[in-house]
Amino acid sequence: MRDILLQIDSYPEATPAEAIDQAVRFTAAVGGVLSALVVEVDIQAPKNWLADHLIGLSHMAAEEERKSRRFCAEALEAFTAAAGEAGVLGEVLHGKADLYAVGACVAERSRTRDLCIVPVADHADGQRAIVEAVAFGSGRPVLSFRPGVADLPLAGLGSVVIAWDGSRTAARAVADALPFLRMAREVRVLTVINEKPSARAGLGKDAVRHLAAHGVNAIIDEVDAGGRRIGLVFEDYLAKRRPDLFVMGAYGQSRAREFILGGATEHMLHDPRTPLMLSH
């Protein structure tokens, strides 16, 4: 994980300084170089003479754009100072996109990076859409964290948990996470049994064999779903284990289906309590 990209939000609020600092310190801990991408939003107000006359719609849009531009400048200044001091400073990238195309812009820039870090400050900041856009559109893994709730590990990786159900997306996640797994003091392969037919007892043995071939000694954990939805099983397990990182394949089924049925990715992204590395 040498070449890491940090996405910095500029609208409606800027990424908190704490999130930038955590990303910088995490990158230093894992021996990477961190570049930052901040995307200034382009707000196209509808052409409406009456709205302009009554409420100044065009003026409001221009004001929001100026706010986004200011947040970009302030965040990049903070990033450059922090990353420079930590010795991990890579590139500083400044883009501009329509508000609803920011995710696509970040995904495109992530395609030539080992990892994209996306901070999520709260439920309403729109960052979850960025996480999904990068997971689906970049072909690379995305690491999401929430400062103060799901903090990044800043002194190296202690425990890492892999969600393993034998699926294609889980296999992709294991491959993408290998550099981190080699660094971790403990790796656990978690299979939730009696939740779906493919996730059976003993499924983790071959994943552990594969990891051992790469110098990673892993422990198998099997948890019986007991009629619970898999997201709740993950939540309870992580609350007990409190790992530094949770690795999982993103959306083994469609996003719409997961939203309706309550799939694992949907649940974990709703209220993350552990830094989450997703691959698709």
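Trainee: How many bridges join β9 to strand β10, residues 276-279?

Mentor: Four bridges join them, and the two strands run parallel. Two strands count as paired if DSSP finds at least two bridges between them. The strand names come from DSSP too: strands are E runs of at least two residues, helices are H or I runs of at least four, and both are numbered from the N terminus. As a spot to look at, Val 247 stands opposite Met 277 in β10.

Trainee: Before we go on, what kind of model is this?

Mentor: It is a predicted model, in which local features need pLDDT of at least 70 and side-chain atom pairs count only at pLDDT 80 or more, while totals for chains, interfaces and linings use all residues. Residues are numbered from 1 along each chain as its sequence is written, and side-chain values use heavy atoms, with hydrogens and water left out.

Trainee: In what order do the strands of the sheet lie?

Mentor: The open sheet has ten strands, in the order β3-β2-β1-β4-β5-β10-β9-β6-β7-β8, with mixed pairing. Its edge strands are β3 (89-98) and β8, each of which pairs on one side only. Neighbouring strands are turned by 25° against each other on average, direction ignored; the axes behind that angle are lines fitted to C-alpha atoms, for helices over the stretch in contact, and angles run from 0 to 180 degrees between N-to-C directions.

Trainee: In which sense does β5 pair with β4, and in which with β10?

Mentor: Strand β4 (residues 115-119) pairs with β5 in the parallel sense over four bridges, with Val 118 opposite Ser 144. The pairing of β5 with β10 is antiparallel, over three bridges, and there Ser 144 stands opposite Leu 276.

Trainee: Are the residues on the two faces of β5 buried or exposed?

Mentor: First the idea: buried means under 20% relative accessible area, exposed means over 50%, and partly exposed lies in between (1.4 Å probe, protein chains only). In β5 (residues 142-145), Val 142 and Ser 144 on one side and Leu 143 and Phe 145 on the other are all buried, so both faces are covered. Across the chain, buried residues make up 49% of the 280 residues.

Trainee: Now a helix. How does the span of α8 agree with its number of residues?

Mentor: The expected span is 1.5 Å times one less than the number of residues. For the twelve residues of α8 (residues 230-241) that gives 16 Å, and the end C-alpha atoms are 16 Å apart, which agrees.

Trainee: Which residues of α8 are buried?

Mentor: They are Ile 230, Gly 231, Val 233, Phe 234, Tyr 237 and Leu 238. Seen down the axis of α8, they fall within an arc of 155°, so they line one face of the helix; the arc is that of the directions from the helix axis to the C-beta atoms. In general, an α-helix has 3.6 residues a turn, so residues three or four places apart point the same way. The face of α8 turned away from its buried side carries the exposed Ala 239 and Lys 240. After α8 comes Arg 242, whose phi is positive, near 50°.

Trainee: What do the buried residues of α8 pack against?

Mentor: Contact here means heavy atoms within 4.5 Å. The partners of α8 are β6 (159-163), β7 (186-193), β8 (218-224), β9 (245-249) and α10 (264-270). You can read α4 the same way: its buried residues, among them Cys 105 and Ser 110, pack against β1 (3-8), β2 (33-42), β3, β4 and α5.

Trainee: What does Ser 110 touch?

Mentor: Leaving out residues up to four places away in sequence, Ser 110 touches Leu 5, Cys 116, Val 134, Ser 138 and Arg 140. Ser 110 is buried, with a relative accessible area of 1%.

Trainee: How many disulfides are there?

Mentor: A disulfide is a covalent bond between the sulfur atoms of two cysteines. The rule used is a pair of cysteine sulfur atoms within 2.5 Å, and by it the count comes to zero. Cys 72 counts as buried at 0% relative accessibility, as does Cys 116 at 1%.

Trainee: And where is Phe 180?

Mentor: Phe 180 lies in helix α6 (residues 168-183) and is buried, with a relative accessible area of 0%. Its contacts beyond four places in sequence include Met 1, Leu 115, Leu 245 and Met 277.
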